[in-house]
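The following paragraphs lead through a structural model, one topic at a time. Please keep the sequence and the coordinates at hand.

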Amino acid sequence: MRKILVANRGEIALRIMRTARKMGIQTVAVYSDVDRHAPHVKFADEAVHIGPAPSSESYLVMDKIIQAAKDTGAEGIHPGYGFLSENGEFAQKVTRSDITFIGPRPHAIEVMGNKLAAKEAVKAYDIPMVPGVDKAISDVTLAQKIADEIGYPILIKAAAGGGGKGMRIVDQSASLKEQMERAISEAQSAFGDGSVFIEKYVGSPRHIEIQVLADTHGNVVYLFERECSVQRRHQKVVEEAPSAVLTPEIRKNMGEAAVRVAEACDYVGAGTVEFLLDENKNFYFLEMNTRLQVEHPVSELITGIDLVEQQIKVARGEKLSFTQEDLKIQGHALEIRVYAEDPMEDFLPSIGTLSTYKRPEGEGIRLDDGFEEGMEVPIYYDPMIAKLITYGASRDEAIQKMISAIDNYHIEGIETTLSFGKYVCQHPAFISGDFDTHFVKKYWSKEIYDEGLKAEKQIAARIALHHYLESQKKVVVANTLESNWKTNRS
Amino acid sequence: MPMGHYLVTVSDTPIEVNTDTLDQLDAISQGNNSYHVIADQKAYRAKVLDAKGKQLSVNVNGNLYEVTIADANDQMVKAMGLLEASAQKINDVQAPMPGLIVSIKVSPGQTNAKDDKLIELSAMKMENLNHAAGEGVVKSIHVKEGDAVDKGQVIIEME
């Protein structure tokens, strides 16, 4: 493979191209009307315009992207994450066009893309699952019976779901009927598929996932875990590797279970198996993401392995050059997702021009970003503008490095989640490692945050006033001198 | 030095500062607009990054604060401005976030009840449905479908 097209934008497009270039592979970018100035377009060896800003008319149009690959002679397509990365039909079309899809086979994408099909596929592989049903259910009486058996609270989930949509927690049998009907209608409108199923609701879960890597020769390894419990709107904001709570024994059990999940769907390439860990450290299979994850850099830093490079090598048919025994965890890595959102206003989008954009630099700091000073953050795409990653010999070192990196990362013009990231890094629950997916709900509010900054604000007010009054003094002195001059001359 | 009472707004938080308390602040100037401050035995590193008259940006321990200074005169002008602003009807509908208008669920002259859907707004893959805060009659709609709006922009005017 001498040339690949990256069917994505922003930081991930740039990150993939960097590795491709390092490997001596030519890169092709695709871009919409609003992305002409984006760094991924400027970095690539070739760039193809694929349409207007809305992704449904550009980055999501399979035929345009495949045509762009044909026109430029790209031999492979890397989908990144989001957009078409977990679309089995796209993988199929790419393959049929005699272009290599850098990712798993269409079959694995389809099986793991549906939660019920995924449960069915891993059934025979001895994977711990959350108690519940593994079939779509619409009969309320049957649902009542099952819910009584597994015990409340229960969780109703959409089979085709993701990102927390179509999920409902039910505390008691009286509200089951109503909640089920709502979940079905929500799933129908969000995913065009109204199938829902029932699971036991795990009370204070941690979200821990295992990175796996498989080649086309039957070798599968795991690159340990990532802890992604700090979330807002069921989406991750802070991730780290390794987790502060896994023992070597649980890590091994989870890793081996993840490898079996990958084997269950004949997985090829880099993938992630997500688990829930309950307060007694029992783990349950949640789902498999059949692509490169946003948070993959933390695994790269603790293992020293470039996952994009591995994806490309696997796509070329190469054998993995290392075994499970060769892999060791070294140090600790932490990632903050920098979203163009206002943490003080319920994490609502914040759009604008990056009037100031100064990157933090230093040893142990990695910044995967796709913006430059003066650029506008477009309204059409995901709000994530960058990922700030730090690495240290210990967890504490990585956290301290993150705090100073955030202090040296200057973004003005939009609100971002950096302030939230710093708050997390300084929070006793996060520092101690004792936190779960309810971190935001339990510990974050504008009031608590403001309280913590009260003293700093007092200082800022006084320093600013002092500075202002001093500057006024200077003006007065200057005026006096000028008038003296005039007096002397006359 | 003008003495007296100032209202200093630090990133949306109003703080009253009297000039004679300024001297009590244990701050030493380190040149280049930087200061080392000790308050309650805690150390703060402050730096004035940008100053345009009464608008300043101040970094304290790595956090950036936008500061606006108002003297007695400014405070009086502002108080008068507020009086005028309060004449604007409070139930006008403003955009809760910047975004694109996906759909408008009401039309001028229409009476809506509390919690009725008014406008669907979308930004960065996130959708936000604006509900009526109370009962009212739509006077005019300032946007059309497909328009981009800023946060706080008035999108629907009520009778």
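In chain B, the C-alpha centres of domain 1 and domain 2 lie 37 Å apart. The domain assignment places domain 1 at 5–85 and domain 2 at 93–158, the bounds being taken from an automatic or database domain assignment. The model is predicted, so that local features need pLDDT of at least 70 and side-chain atom pairs count only at pLDDT 80 or more, while totals for chains, interfaces and linings use all residues. Residues are numbered from 1 along each chain as its sequence is written, and chains are lettered from A and ligands numbered from 1 in the order in which they are written.

Chain B brings 40 residues into contact with 28 residues of chain A (C-beta atoms, placed from the backbone, within 7 Å). On the chain B side, β5(B) gives the most, with 5 residues; strands here are DSSP runs of E with at least two residues, and helices are runs of H or I with at least four, numbered from the N terminus.

In chain A, 8 strands form an open antiparallel sheet in the order β13-β12-β9-β10-β11-β14-β19-β18, where two strands pair if DSSP finds at least two bridges between them. β13 (283–289) and β18 (365–369) of chain A stand at the edges with a single partner strand each, so one side of each is left without a neighbour in the sheet. Within the sheet, β14 (residues 332–339) and β19 (residues 384–392) of chain A pair in the antiparallel sense over 8 bridges. The bridge partner of L334(A) in β19(A) is T390(A).

Just after α1(A), G24(A) takes a positive phi of about 80 degrees.

Conventions. Two residues are in contact if their C-beta atoms, placed from the backbone, lie within 7 Å.
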